[in-house]
Amino acid sequence: MDHLLHIDIDVVSYLTKLNAYDYIIVGSGFGGGPLAEVLAQRKKKVLLIERGGVIFSTHVLNTSRPYFNRGASNSPEGNESVYDAVKAKVQTTEGSESYIGGPVYCVGGRSNLWGIWTPQVSEGTLNKYYPPEIASFLREGEGYRTAFNFLTDSSQQDAIYPLESGQITANEIDEVKAKLHAAVGVTFDLMPVAAQFNAPAPYQFPQGAYSTTLNLMNRMYANDRYLTVLLNTEVVALDQTESSTFRRSVNALKVRDVKDREIKKLDVGNAKVILSAGTIGTASIALTSGLQHLNPLVGRGIMDHDIYYVRFGIEQLPDITRKPLNLKSVIEIEGETVLLTVTVNANFFLAGSSASLPTTQYYLRNGELLSPKKGFENQENFDTVCVLFEFVGRLDDRNEVVNLPGMDPVLSIQRPPVKQVVMSGMEDIIRKVRNIFVFEDVNHVAQYGPPLPQHMGFGVFSHEAGTMRMDNPNGDGVVDTDLRVKGFDNLWACDMSVFPVSPEANPALTLAALSLRLADHLSPPEPEIQPLVQQDIPILKTINGKNGTGEKIGNDAQ
């Protein structure tokens, strides 16, 4: 494997001096991965620098055969367990809130573990926090639609999973929607998931959940002429010079082989540089390069939105399994915008495991509450309902990535406490959802109180954002609306560091859309691409196209 994937860094350094690359991308996750793939599709020479190696050949959910086990609280497909094993260490300063997340250094980064849930950011949040051209692109300009088709390989154009999957009927979905509408008083929709259910050709094999790893590994195995992936190489800093346009220009990268720890210089030449190393990693590179002296917002503002959950079990009738279902709605709780997700039997393929979401209450069919120990011992007899609240996390400039020369990144982070009136609002929703599922009556007066919402730690699902924020309605940022670092000719950022807020919605779809938009900005698609060889292999033609697919071309385009 090492022989197959090895790229000689010394040879790469010579090639960069010869202007062999059009683009140099740092990081291969949800920001850098789609960008590298599309630029390579458009026959641009891309050097992708990845700090780690190959851990997963594709999405982690495909490393073993996931299965549905009703009510289980520790399913084998649990992403949380794998994430804990592979994430890198991040330190915090004294007095800081603890950070329980961490970067994943490997091809695909955290896209191997997260990013399956792909809701859109609400219109209200987009209009309040994002620049108008970005908000318009995402919703009105087909940005979200195109990104979803990209992530799902256009396999959900006719119906969003699980509709028409044969696993659950529309009537069964509507029954659960009606329950939740009766309980909460709002309309719920299916939670979209980044799943690819069929291969392009010639056999309709299910492909599973999206990660950037699949396309990148395919090109690496094929010795693709347009994409070079330099593994196990950390970008430490950027060398800069004044340019003829009164801007600065990146002229070299200081990189370090993670094995021998030797720092080397990679000339940039005429290439454009895109930092996609993540909210913490991109900020660390920028800080070590001194960009904070040009813009004091560099490295500041990092925020992860507050997430609360409860999970309870309901005894099922023998031999009847409530089918897995994931529904969501955007609501307001005392003026706070919230993505409310209710997941029935959450521990199943494509909806995340429950390893970090233990079931806190178990109810018998007669409404009696079991002890947690007895319920856990008999959990195979229980269906589970998880209620998840995701809030908007406003950037806080007191939070920062601290510029220290240690082995691990260091954060100083705090989140403001959630108001008691908001806590009471969550508890009321939980009570109503519990009542409608357990007692079939939203107004039932139960002998036992509902489970209390549990607060999840900073970084738990890798949603932290904001250290290289874009210009937005609330002020200037570090990057402009095309994600170019302000004051530079040839430097962009494309990861969650550019978000001007940690939105209520899981961020994967929004980041993928921004990555595809940047690809169009850097290398606009040709109006038409004629087929080289007519085959039954559809290939992406234009990122701005309505359905994200185009003419069929040969294998050279991968």
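Here's a quick tour of some side-chain contacts in this structure. Keep in mind that you're looking at a predicted model.

**A buried asparagine**
- Look for Asn345 in the loop between strand 15 (336-344) and strand 16 (361-363).
- Asn345 has 0% relative accessibility, so it counts as buried.
- Its side chain makes a polar contact of 3.2 Å with the side chain of Asp383.

**Salt bridges between separate elements**
- Glu440 and Lys179 pair up through their side chains in a salt bridge, at 2.8 Å from N to O.
- Glu440 sits in the loop between helix 12 (420-438) and strand 21 (454-455), while Lys179 is in helix 8 (residues 170-184), so this pair ties together parts that are 261 residues apart in sequence.
- Glu440 counts as exposed because its relative accessibility is 55%.
- Arg256 and Glu234 form another salt bridge, with 3.1 Å from N to O.
- Arg256 belongs to strand 9 (residues 248-257) and Glu234 to strand 8 (residues 233-242), so here the linked parts are 22 residues apart in sequence.
- Both Arg256 and Glu234 are buried.

- Lys373 and Glu377 meet in a salt bridge at 2.5 Å, N to O.
- You'll find both in helix 11 (residues 372-377), four residues apart, which is about one turn of the helix.
- Lys373 is exposed, with a relative accessible area of 57%, whereas Glu377 is partly exposed at 47%.

Notes. Residues are numbered from 1 along each chain as its sequence is written. This is a predicted model: local features need pLDDT of at least 70, side-chain atom pairs count only at pLDDT 80 or more; totals for chains, interfaces and linings use all residues. Side-chain values use heavy atoms; hydrogens and water are left out. Helices (H or I, at least four residues) and strands (E, at least two) are DSSP runs, numbered from the N terminus. Buried means under 20% relative accessible area, exposed over 50%, partly exposed in between (1.4 Å probe, protein chains only). A polar contact is a pair of N or O atoms within 3.5 Å; within protein, one must be able to donate a hydrogen and the other to accept it, and residues adjacent in sequence count only if both atoms are side-chain atoms. A salt bridge is a side-chain nitrogen of Lys or Arg within 4 Å of a carboxyl oxygen of Asp or Glu.
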